[in-house]
Amino acid sequence: MGAQNWVETLDTIIADGTQISNTTTETIICPDFSIPAFYMAPGRTLSLWAFGVNSNVVTTPGTLIIRVRWGGVAGTVLLASAAQGLDTTARTNALWALNAWIVCRTAGATGTFMSGGMWWQINLLSSTASNLLPALLGSAGTPLASGNAAVTVDTTTAKLLSVTAQFSVATNPTNLSCQQRIIEVLN
């Protein structure tokens, strides 16, 4: 027996997020969205889509890691990319896109989520083995080390859903901006 479900948009940003520029600190790329306490129940699925631009330098462009977190920039990692090697050709405003799905398996103070996603980025160094196109985002932040795993989360208190980026170098102009972000609940 199937259940009747509706898709509902929970949040859409209508202005660019604050640009991350010349830093190696993990930083939120678009406004956090607060998920209310007890909102996530077994089977509830969130879909997150984001899109933006990224620039890098020629000499020592470094790497970029994208994460989705539950509880802000210091919260639990739900998804993470591998360290994506940036192109050794300078790029300005190269496009990127993120698709992620977060599924609640169990609810409570020690609830569990299973998540998965994809990251596409134009300005990657194509000769680097970890630069899978698209890059798979692994649950618990280990996309290249192992298969997906459920992550323990607290669903009994309001939590921020965050998308972050972290560069390995702070050379100018190494930057990233999120231009669009949509969060939907699929049921």
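Buried means under 20% relative accessible area and exposed means over 50%, with partly exposed in between (1.4 Å probe, protein chains only). Keep that in mind as you click around. The model is predicted, so local features need pLDDT of at least 70 and side-chain atom pairs count only at pLDDT 80 or more, while totals for chains, interfaces and linings use all residues. Residues are numbered from 1 along each chain as its sequence is written, and side-chain values use heavy atoms, with hydrogens and water left out.

**The whole chain**

Start with a cartoon view. You will find 14 strands and 0 helices in the protein chain; both are DSSP runs numbered from the N terminus (helices are H or I, at least four residues; strands are E, at least two). Of the 187 residues, 46% count as buried. Now think about contacts, meaning heavy atoms within 4.5 Å. Among those in the protein chain between residues at least 6 apart in sequence, 78% join residues at least 24 apart. Switch to a surface view if you like: the accessible surface of the protein chain is about 8400 Å², and 57% of that belongs to carbon and sulfur atoms. These areas come from the Shrake-Rupley method with a 1.4 Å probe; for residues, only the protein chains shown count as cover.

**Stop one: W96 and W119**

Select W96 and W119 and show their side chains. Are these two buried or exposed? Both W96 and W119 are buried. For aromatic pairs, the rings of Phe, Tyr and Trp (its six-membered ring) must have centres within 6.5 Å; planes under 30 degrees apart count as stacked, over 60 as edge-to-face and the rest as tilted. By this rule the count comes to 3 aromatic pairs. One of them is the stacked pair W49 and F51, at 5.8 Å centre to centre with 15 degrees between the planes. W49 is partly exposed at 28% relative accessible area, and F51 is partly exposed too, at 23%. Back at your selection, W96 and W119 are also stacked, with 4.8 Å centre to centre and 25 degrees between the planes. W96 lies in strand β9 (residues 91–106) and W119 in strand β10 (residues 111–121), so the pair ties together parts 23 residues apart in sequence.

Next come the salt bridges, each a side-chain nitrogen of Lys or Arg within 4 Å of a carboxyl oxygen of Asp or Glu. How many does the structure hold? There are 4 salt bridges. Select D11 and R181, whose side chains meet in a salt bridge at 2.1 Å, N to O. This pair links distant parts of the chain: D11 is in strand β1 (residues 8–12) and R181 in strand β14 (residues 175–185), 170 residues apart. R181 is buried, with a relative accessible area of 1%.

**Stop three: E26, R67 and R69**

Which residues join E26 in a network of salt bridges? Select R67 and R69 along with E26 to see the network. R69 and E26 have their closest N and O atoms 2.7 Å apart. R69 sits in strand β6 (residues 63–70), while E26 is in the loop between β2 (20–21) and β3 (27–28), 43 residues away. R69 is buried at 10% relative accessibility, and E26 is buried at 15%.

Move to D87 and R91, another salt bridge, with the closest N and O atoms 2.7 Å apart. D87 is buried at 9% relative accessibility, whereas R91 is partly exposed at 32%. Finish with R44, which lies over the face of Y39, 4.3 Å from the ring centre. A charge sits over a ring if NZ of Lys or CZ of Arg is within 6 Å of the ring centre and within 35 degrees of the ring normal.
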